[in-house]
Amino acid sequence: MPFSAASESPVDKNPGLSLLINLRWLALGGQVGLCIFSQLALGMLLPWRVLLPCMGVTALTNAAAVLLKKRGIARGQSLCAGLLTLDTLTLTVMLYWTGGSHNPFAIFYLLHIAIATILLSYSMAWASVLLCAGCYALLFRSPHIIPSLSGHEFCGSMDFHLHGMLLSLVLVGMGIVFFVGRLRIMLARREAQLKEAHMRSVRNERFAALATLAAGVAHELATPLGTIALVSEDLAQQAGDGCRSTGCMKDAALIGSEVERCRVVLEKLRLQTTEGAGDPFLELAIGEIPSLLTPYLKPEHLRQLHFKNQCLSRSVRLPQTALLQSLAVLVKNACQADINHKGVLLIVSEAEGKIRFMVEDEGRGMPADVVERLGEPFFTTKAPGEGMGLGLFLVRMFVERINGDLQVDSTVGRGTRVTLVIPRHESGSDENTSD
């Protein structure tokens, strides 16, 4: 069952405008193809001096719309309204000179109304209905026909009209299905992106709260820990000078070591939640990762670790400290899950400008509901006292800060694979992990 914390992709702020632009390009291509077919295959004498300027206006305005959208200065609904109005007028001009109301392609007014209903406001949609109705009424005054090379008039033929109606119905239907169908897909994708952005914002708020909590806990515990450390030293001295009991001295030393451990834990938590955000990108030798992990892992975990380097590059620029801390968390979790002592495999590879770190174990694995919750702060599968549930949360936050990807695939009884993907940065870049 996979878990993924992928990087966020850009959100299209005007999906309707994007679709309208694409549909206008398709319509323009269809107009050119249909006119050429009618001229060459059916022998129609088309008024090219009218049709070509209309097509040119469509092409130029569509190119301008693309440029405005790319520069971010397009006002979505206003631009859509202007383009639809222009399309209705150009359609009217083309129909007026090619048979007027007898032209079966007058049904394309319905496509304009359908699009206006979807993209524009309620009042503007009604205005589109009035405009299309007025333009269609104007076609009744058209004196133009569509003659053929043989002198035959297409507009007077019922067969031509029926076949034209069938073709225009199919084209209008295709246009509606294309527009509405693609728009539904884009809106669904945008909704998913917004949901992911919301979840990311919630996680960032939790991370900020955790950073504040860590700093507060470190500050509040500094004094009592220092007092306990001082008292433990006095106890050790009194035990040595007074009762000379070996047991008392060991207890005093144990208290001192545990106090020091608490201070180290608090310091690491403070660094990971605050200073870790500005970890600079440094040159990291891939082959030296096992030795670089030594300060972060216990000796027994290092003995369980097997390293495989499939990376073509000898070194890459990465946020070294944060990466090693994250890998240490993943390796430590894998070692603790490796109840059969088959070893933990760390594989490093690269593809498509990204560095991939995979940590695999053949341990107990996790059910789907547990995998879904991985990365939540203070959620842990370990026994009480063995973990705070912050390790994978901090790994996840690190990955999101650098626009990376974190995936967990686990099967109960077969093991777990955690994949950490980090975008590669070229040498000489001054970028760091801070936003």
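Which helix gives the most to the nonpolar patch? Helix H6, residues 158-241, with three residues. Helices here are DSSP runs of at least four residues (H or I), strands of at least two (E), numbered from the N terminus.

Some ground rules. This is a predicted model: local features need pLDDT of at least 70, side-chain atom pairs count only at pLDDT 80 or more, and totals for chains, interfaces and linings use all residues. Residues are numbered from 1 along each chain as its sequence is written, and side-chain values use heavy atoms, without hydrogens or water.

Back to the patch. Ile228, Val231, Leu235 and Ile255 make about 300 Å² of nonpolar surface. Patch residues have over 30% relative accessible area and no salt bridge, with nonpolar side chains joined within 5 Å. Areas are Shrake-Rupley, 1.4 Å probe. A salt bridge puts a Lys or Arg side-chain nitrogen within 4 Å of an Asp or Glu carboxyl oxygen. Ile255 sits in helix H7, residues 246-273. Ile255 is partly exposed, at 35%; buried means under 20%, exposed over 50%, partly exposed in between.

Now the inside. The largest nonpolar core has 40 residues. A core is a set of buried Ala, Val, Leu, Ile, Met, Phe, Trp, Tyr and Cys residues, joined through side-chain atoms within 4.5 Å. Ile289, Leu293, Leu323, Phe357 and Leu420 touch the most other members. H10 gives the most to this core: ten residues. Apart from this core lies another, of 31 residues, among them Leu23, Ala106, Tyr109 and Leu111.

Last, helix H4, residues 108-119. Its buried residues include Phe108, Tyr109 and Leu111.

Notes: Buried means under 20% relative accessible area, exposed over 50%, partly exposed in between (1.4 Å probe, protein chains only). Patches are made of residues with over 30% relative accessible area and no salt bridge: like charges are joined within 9 Å, nonpolar side chains (Val, Leu, Ile, Met, Phe, Trp, Tyr) within 5 Å.
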